[in-house]
Amino acid sequence: MNSTRAATRVLGSGWRSVRSGRLEGGRRGISLKSLFAPSPPGTGDKAKARPLVQPGDLFHALSKSPVKEMREKGLLIQRHGCCPTCVDETTAHGQAATREPLFECPSCGYPTHCSEKHWEADRRHADLCQHLREANEDEHDLRSGRTLREFEFPSAQLPEVVVNLSSWDTFLYTRSFTNVDSDRAMRHVSKVLTYPVTIAATLHQYSPFTLGSGLTAEGLKSLAALRTTIREHELARSEKELEMQQRPLRVFVLGARAEAMLPPHLYLQLAYLLPSSPLQVYFVGPESIPAVGETRSTIVVSSRLALKYHRGFFHDAIWSFAPFDPFTDVFFLFSPGLAHPRGRAGWQPTVDKLLETKCAVFATGFHAQDMAADVAGLEEDFGPRIDWLLRPRPNPFASLKRDFGIRNLQEWAIANWGIYGFRGKRYEVQGVAR
């Protein structure tokens, strides 16, 4: 299989335009696994000698693209999309007309409107046109057939080299990602690493989330408990007997979707940032499916990293994971849609159980509005029971790639754009005067 082609079906795919938490939305049927695998014998030289798209000629209208998948994507948008100008022009009965977007914008190459006249009349498209062109070129680059050297990731960090987790730039530099040498390469890499690096940046002792930058006093307590365990793991490495007695750090990813389908070895970047800690990452959710080709429910990636997959709801299987300990257990919800009208009821029993564990929970959002809606929904449904750990704020390790909906190109999302944290409220025991 051509490794680039398989990978870009995930990297370049549009996000789910209608989302109801973990229950709705299209699945990504192709994993990134083949992107990092060696090419089959006999397929290398010709493919490398004649790439489908040259580096200096990445822009193509989708209908005229030399890449078959891009032409198919254009047809998919035409078949399932709608003209935004037509939608704005309602009929006398108040029903929106939704003619197919058959006209391709000459600037971005996407089929955006039903006609040139409606394209010219749409002022909102100008705000997104450059982003759509960027997405066009990025997807052609991923499918070009070139060797994607930016995905050659570094291995374990030297103990004397400190990682800077202030931003993608400082992280990539101090982790020696030497092949990430352009904005486009950074977009490619950030799209797949946003999940493991967001987890690591939250737990790491040099986390960008500190008091005064969103972290609350209660958040400091929860992270201090987890970092105490991480520190114990570091100290125990010098004593073999103590090392064998250490409990692993358990990271639960609830409502897992695309993050579960990443090639397992990508999560080694998480292990490299917490090198002394035995890690168990649990992917839990109805769409928790391993990378294509994987049939195991538990994948041992290294001696200190294991990935476990559970297809089902957390609140139904909670006793399979109990007991929980705030010193060793932490939860992540990546763009869950907690307040989405079609997913809110499905998330409520899970959040109810999460608050009972008293463990730290960190969640992300696609953009500011998405995150604000989820936070407001939590306040409305569970307000008196919640301690806020991290106030909503932009995530320095969000994906740098903007994804667009197939049905509506004016809807966009950025994976893990923002982040916030909470846990079940803890009550101080007070003596009663006699």
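The residues lining the second largest cavity of this predicted model comprise nine nonpolar, six polar and one charged. This cavity holds about 90 Å³ of space, and a search of the whole structure finds seven cavities of 30 Å³ or more. Of the 16 residues in the lining of the second largest cavity, those closest to its centre are Cys82, Pro84, Thr112, Leu409 and Gln410. Two secondary-structure elements, strand E2 (111–113) and helix H7 (125–142), each contribute at least two residues to the lining of the second largest cavity.

Strand E3, which spans residues 249–254, has six of its six residues buried, so the strand is largely enclosed by the rest of the structure. In a regular strand the side chains alternate between the two faces of the sheet. In E3 both faces are covered, with Leu249, Val251 and Val253 buried on one side and Arg250, Phe252 and Leu254 buried on the other. The strand has parallel partners: E3 pairs with strand E4 (residues 279–284) over six bridges, and E3 pairs in the parallel sense with strand E7 (residues 329–333) over five bridges. Arg250 takes part in both pairings, standing opposite Gln280 in E4 and having Asp329 as its bridge partner in E7.

Nonpolar side chains tend to be buried together in soluble globular proteins. In this model the largest nonpolar core has 58 residues, and those with the most contacts inside this core are Phe171, Leu193, Leu203 and Phe283. Helix H9 (residues 183–203) provides the largest share of this core, with eleven residues. When neighbours within four places in sequence are left aside, Phe283 is in contact with Val253, Ala256, Glu259, Ala260, Tyr267, Ser288, Leu307, Lys308, Tyr309 and His310. Lys221 is partly exposed, with a relative accessible area of 47%. The C-alpha atoms of Lys221 and Pro326 are separated by 10.0 Å, although these residues are 105 residues apart along the chain.

Key
Residues numbered from 1 in each chain as written. Predicted model: local features only at pLDDT ≥ 70, side-chain atom pairs only at ≥ 80, totals over all residues. Heavy atoms only, no water. Buried < 20%, exposed > 50% of the residue type's maximum accessible area, 1.4 Å probe, protein only. Helix = DSSP H or I, 4+ residues; strand = E, 2+ residues; numbered from the N terminus. Pairing = 2+ DSSP bridges. 1 Å grid on protein atoms, 1.4 Å probe; cavity = no way out; pocket = protein on both sides within 12 Å on 5 of 7 lines; lining within 4 Å. Points joined across faces, edges and corners; volume = space filled by probe spheres on them. Nonpolar A, V, L, I, M, F, W, Y, C, P; charged D, E, K, R; others polar. Core = buried A, V, L, I, M, F, W, Y, C linked by side-chain atoms within 4.5 Å. Contact = heavy atoms within 4.5 Å.
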